[in-house]
2 protein chains.
Amino acid sequence: MTGDAAAAPSGRRIAVLAGRGEYPVRVARAAAAQGADVFVALVADAGDPADYAGYDCQPYRLGQLGRFLEEIKRRQIDEIVMVGALPRPSFGSLAPELSTLKYLPHFARAFQGGDDHLLRGVVSFFEGRGLRVLGPAEIAPELVAPLGPLGRLKPSALAQGGIATGFDLLAALSRFDIGQAAILADHRIVAVEAAEGTDAMIERVAALIKAGRLKPAKGDGVLVKAPKLGQDLRVDMPAIGPDTVARVADAGLAGIAVRAGSVLIGDRERLAAQADLAGLFIAGVA
Amino acid sequence: MTGDAAAAPSGRRIAVLAGRGEYPVRVARAAAAQGADVFVALVADAGDPADYAGYDCQPYRLGQLGRFLEEIKRRQIDEIVMVGALPRPSFGSLAPELSTLKYLPHFARAFQGGDDHLLRGVVSFFEGRGLRVLGPAEIAPELVAPLGPLGRLKPSALAQGGIATGFDLLAALSRFDIGQAAILADHRIVAVEAAEGTDAMIERVAALIKAGRLKPAKGDGVLVKAPKLGQDLRVDMPAIGPDTVARVADAGLAGIAVRAGSVLIGDRERLAAQADLAGLFIAGVA
């Protein structure tokens with residue numbers, strides 16, 4: 001971290017609104033390595049302060065939005081990046097401080113819809129206050145899935161058929177503001193993600209396979225993941241990681257296909273090695 | 001049953017291919033009440049012979065298709081109705097008898113796709129042998145959801161919004177040969193059905209609600225169910241029943257909306273009474 005902090009100063013001041021997981025850490029590190037002044041706002045207890053030793057770091061509850069805005073104003077920060085997982089909050093759970101009350105009407109509207117609608121509301125809120133909202137991929141493009149197979153294995157012809165249908169399905173679901181993932185096996189769509197999340201969807205298919213209700217052939221069974229058409233990749237880039245790979249392997253599926261350039265994969269080498277070891281393909285598809 | 005058998009003979013000879021549940025029993029009874037000669041083929045151990053006391057009834061494994069065809073030829077039966085639930089078999093589990101081997105190539109193709117594709121293959125198989133395939137609703141239209149609320153309660157404005165989105169979603173999913181059901185709550189789609197089936201999907205949403213990850217407001221939360229566009233209602237009519245109503249009530253949802261005229265509901269009065277008791281709406285929507 002101190003090594004990163006020693007990068008040539010760029011004059012940029014960036015706030016990282018950090019949710020759960022490794023991505024906020026990696027993005028903060030990439031920004032610091034590029035010479036930016038990095039301020040890490042740990043959002044809603046999702047991130048671990050220990051991960052940000054050496055960074056200027058402050059925890060905020062969602063209801064402390066007003067306080068956060070005052071702080072970045074004080075620091076003359078004009079760029080923010082929101083990264084890492086946050087459970088979708090309910091509007092009622094925001095518990096606003098006095099400094100935040102005046103912003104509630106904006107969020108009351110933003111909560112009247114799917115996740116996409118909520119995130120658009122969050123982006124428009126910050127942009128309306130003169131902040132530039134960056135995507136994690138703009139700061140750390142190495143975190144995003146490249147085109148082609150990540151490891152040694154490639155999708156079988158059977159899996160390629162599933163991948164084509166899967167991306168077609170995800171595109172058709174785009175306008176409904178759900179579903180960034182689906183699972184295909186045995187020439188059909190066997191699971192579609194909605195509020196339960198990708199992990200729970202993979203578990204469901206694993207259970208169907210264990211119960212003998214699905215019997216994917218060798219080389220068959222694929223998790224497809226892609227952003228919605230028109231999705232704002234600055235604040236809502238789908239992600240896969242070691243957990244995803246482990247779950248897909250445990251379920252008995254053959255691999256994972258993601259939209260190249262549009263899905264976070266974290267440490268590319270680590271994920272490729274894990275896929276090779278598990279006998280899975282991970283494919284970035286154009 | 002003997003009362004049914006005493007109906008004026010119509011000269012019609014109908015084979016009821018009976019799967020699990022009450023519908024085959026009701027359809028057999030309606031056909032007999034109309035004076036038809038009814039032959040009940042219990043398919044793959046799904047039906048209970050005790051339910052068909054007084055009927056001419058014979059069990060068949062799927063691999064005994066050839067034997068079944070010989071029997072209906074012998075009986076000069078020219079109309080069949082397939083009704084009741086069957087678990088989707090795997091092609092490998094068919095265990096064909098000698099009399100059935102010659103039909104395997106047809107079914108090998110039919111198995112290369114979703115349920116819809118498989119059912120189309122089954123229909124075309126019987127039609128190709130000169131049989132008329134009837135839908136259960138053609139024999140017993142009283143089993144199908146009428147237009148409007150079934151019981152006392154009507155969908156709230158919130159639920160009506162969900163219903164509109166839900167039917168729109170199901171229409172968009174039609175060409176993918178999945179999903180005859182979805183659940184909407186809190187202004188969004190929270191679950192989409194694929195291979196797991198409607199019951200498992202309702203259970204999933206019940207678990208999300210119990211875990212506090214979804215908090216539908218009063219009057220909110222709706223299961224929508226409709227056939228796919230172009231679905232062959234003769235062999236694949238969606239159905240809801242007392243189990244569905246009980247699960248939806250347990251989950252804490254406000255009601256159920258089905259496409260009027262296209263979804264089996266069994267005993268209308270019983271379902272309406274159950275919905276009233278549980279405080280749910282059941283709405284047939286045009």
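Contact, as the word is used here, means heavy atoms within 4.5 Å. Leaving aside its neighbours within four places in sequence, Gly148(B) is in contact with Ile282(B), Ala283(B) and Gly284(B). Gly148(B) lies in strand β6 of chain B, which covers residues 148-149, where helices (H or I, at least four residues) and strands (E, at least two) are DSSP runs, numbered from the N terminus. Although Gly148(B) and Ile282(B) are 134 residues apart in sequence, their C-alpha atoms are 8.4 Å apart in space.

The model is a predicted one, in which local features need pLDDT of at least 70 and side-chain atom pairs count only at pLDDT 80 or more, whereas totals for chains, interfaces and linings use all residues. Residues are numbered from 1 along each chain as its sequence is written, chains are lettered from A and ligands numbered from 1 in the order in which they are written, and side-chain values use heavy atoms, with hydrogens and water left out.

Two copies of a chain are related by a rotation about an axis and a shift along it. Here a rotation of 180 degrees, with 0.0 Å of shift along its axis, superposes chain A on chain B with an RMSD of 0.1 Å, the copies being superposed by least squares on the C-alpha atoms of residues with pLDDT of at least 70 in both. That is the relation of a two-fold axis. In chain A, the C-alpha nearest the axis belongs to Val192(A) and is 3.0 Å from it. The same surface serves both copies, in that 100% of the contact residues of chain A recur in chain B.

The contact between the chains takes 30 residues from chain A and 30 residues from chain B. Between them, chain A and chain B bury about 2400 Å², 59% of it on carbon and sulfur atoms; buried area is the accessible area (1.4 Å probe) that two parts lose on being put together, summed over both. Of the area that chain A buries against chain B, Phe176(A), Arg188(A) and Ala195(A) supply 22%, more than any other three residues.

Within chain B, the axes of helix α8 (residues 198-210) and helix α9 (residues 242-251) come within 9 Å and cross at roughly 15 degrees. Axes are lines fitted to C-alpha atoms, for helices over the stretch in contact, and angles run from 0 to 180 degrees between N-to-C directions. α8(B) and α9(B) are therefore roughly parallel to each other, given that angles under 35 degrees count as roughly parallel, over 145 as roughly antiparallel, 65 to 115 as roughly perpendicular and the rest as oblique. The contact joins Asp199(B), Ile202(B), Glu203(B), Ala206(B) and Ile209(B) of α8(B) to Thr244(B), Arg247(B), Val248(B) and Ala251(B) of α9(B). By class, the contact of α8(B) with α9(B) has five nonpolar, one polar and three charged residues, where Ala, Val, Leu, Ile, Met, Phe, Trp, Tyr, Cys and Pro count as nonpolar, Asp, Glu, Lys and Arg as charged, and the others, Gly among them, as polar.

α9(B) also packs with helix α10 (residues 268-278) of chain B, at an angle of about 10 degrees and with the axes 10 Å apart, an arrangement that makes α9(B) roughly parallel to α10(B). Pro242(B), Val245(B), Ala246(B) and Ala249(B) of α9(B) form this contact with Arg270(B), Leu271(B), Gln274(B), Ala275(B) and Ala278(B) of α10(B).
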